[in-house]
Amino acid sequence: MQAIPTSADQAPASVSQLFSYPFRIFFLSMTVLTLVAIPVWVLEVTGVLQLPLAMPALFWHQHEMLFGFLSAAIAGFLLTAVCVWTQTERTHGLPLALLWGVWLAGRLLLALGGNLPDWIVQGVNLAFLPLVMIDAGWRVWHARQKRQAMIMVVLGLLWLMQIGFVTRLDMSFSYGALIMALALISIIGGRITPAFTAGWLRQRGGNAEAVKMIPGLDMAALFSMILLMASLVTGWKTLAAVIAVVAAALMLVRLYNWKGWLARSEPLLWILHLSILWVPVALLLLAGSLVADWPSNAWSHAAGAGAVGCLILGVIARVSLGHTGRPLNLPKGMVLAFVAIQLAAVIRVLTALSIIPWHPGIGTSTLLWMIAYGLFLVRYAGVLARPRADGREG
């Protein structure tokens, strides 16, 4: 169902509105970042462009997708959701602008600060996630919401992976960070996907009771990923491969319990289910890379382009509508965006596996990614920069 224009869509857009709620500025900024950073990386590795990067091009690309793009998505979602969970006042105005400024400074320093001392570039980039955790953490603490504690734990582990990555430029830390990204998907995706699916089915008289959430299974999947991260970073390859297969199996059982096929007619739901399906795919490819020498960039792109990139697009498309007081009706072209992002991930993984030649594979997957996030930018920039449709603050 396509979105119907409202009076709010005719209101003037403003920069101040972007800083009225965390999701607005961070969702817009991470979209712009990925639309710039990915083609810049392609131009860098093909020798067309040479920027004064603060780290080698491949590491810069990995860092910006993990700790630039992903961290902005985390900030936008978490700092919005935690206000709802804890019934506390949102971060907005000057404090939000300052937080965003730290994130932006990190991007600029990494892209242009090749001649600056490492401690400046590293210090600014390492400051962002702790600030997000402090903002969210004190709300959770005062509300005594123990349920949110594991999110804080995983964010802390993600930050530890960032410390190791920027200070040592060691690929094992980027792999550990990817696993922590999958752990966040396990937690947050494991909450919203079955809940939204059951709610949608209930509204339409469907079998909402068929959607099952099993807390013990959820915790087992999460802890398996934490153990997997520790095994990868410490170099226990065989153990890591076994844990990866176990974690993949647990995720597949969870997905089965969520009955995604019952919501196949709703794009805002099938995008979530399909995106999370990339998690077990990535984990199985990881196991193959550890014990059978499958290309490591196959699993990393299944995790990054597939699970992370696809799920983020699905989540921000929904959150941006719901938290601006608009009906959950996708703007025109967003179904195409969802299809494009899934195809981008498929082609990128097949390219990593040498099933598709490198140059056409990279080019096609990059183009599809640009189409997907470009459509989000075109259709949602006005939504993010205009007042709520229901007249409420934020």
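A cavity is a set of grid points where a 1.4 Å probe fits but cannot get out. I'm jotting that down before anything else, and also that this is a predicted model.

**Entry 1: empty space inside**

Rolling a probe the size of a water molecule over the atoms shows where empty space is left. How many cavities of 30 Å³ or more does the structure hold? I looked it up, and there are two.

**Entry 2: the largest cavity**

I started with the largest cavity, which has about 260 Å³ of space in it. It is lined by 17 residues, and L70, I74, I188, L311 and I312 are the closest to its centre. Next I checked where the lining comes from. Helices α3 (57–86), α7 (171–203) and α11 (296–322) are the elements that give two or more residues to it. Which of them gives the most? That's α7, with six residues. Then I sorted the lining by residue type: 16 are nonpolar, one is polar and none is charged.

**Entry 3: the second largest cavity**

On to the second largest cavity, with a volume of about 40 Å³. I wrote down its lining: F67, S71, W103, R107, N125, F128, L129 and Q162. At least two residues each come from α3, α4 (94–112) and α5 (118–143). The largest share is from α5, which supplies three residues. By type, this lining divides into four nonpolar, three polar and one charged.

Is I187 buried or exposed? I187 counts as buried because its relative accessibility is 10%, and the cut-off for buried is under 20%. I also looked at I187 together with Y256. They are 69 residues apart along the chain, and their C-alpha atoms are separated by 16 Å.

**Entry 4: out on the surface**

Last stop, the outside. Which residues form a nonpolar patch on the surface? They are L252, L274, L277 and V281, and together they have about 290 Å² of accessible area. Helix α10 (residues 267–291) gives the most to this patch, with three residues.

I picked out L274, which lies in α10. Its relative accessible area is 39%, so L274 is partly exposed: that value falls between the 20% cut-off for buried and the 50% cut-off for exposed.

Notes: Residues numbered from 1 in each chain as written. Predicted model: local features only at pLDDT ≥ 70, side-chain atom pairs only at ≥ 80, totals over all residues. Heavy atoms only, no water. Patch = residues over 30% accessible without salt bridge, like charges linked within 9 Å, V, L, I, M, F, W, Y side chains within 5 Å. Areas by Shrake-Rupley, 256 points an atom, 1.4 Å probe, with all protein chains shown as cover. Salt bridge = Lys/Arg side-chain N within 4 Å of Asp/Glu carboxyl O. Helix = DSSP H or I, 4+ residues; strand = E, 2+ residues; numbered from the N terminus. Buried < 20%, exposed > 50% of the residue type's maximum accessible area, 1.4 Å probe, protein only. 1 Å grid on protein atoms, 1.4 Å probe; cavity = no way out; pocket = protein on both sides within 12 Å on 5 of 7 lines; lining within 4 Å. Points joined across faces, edges and corners; volume = space filled by probe spheres on them. Nonpolar A, V, L, I, M, F, W, Y, C, P; charged D, E, K, R; others polar.
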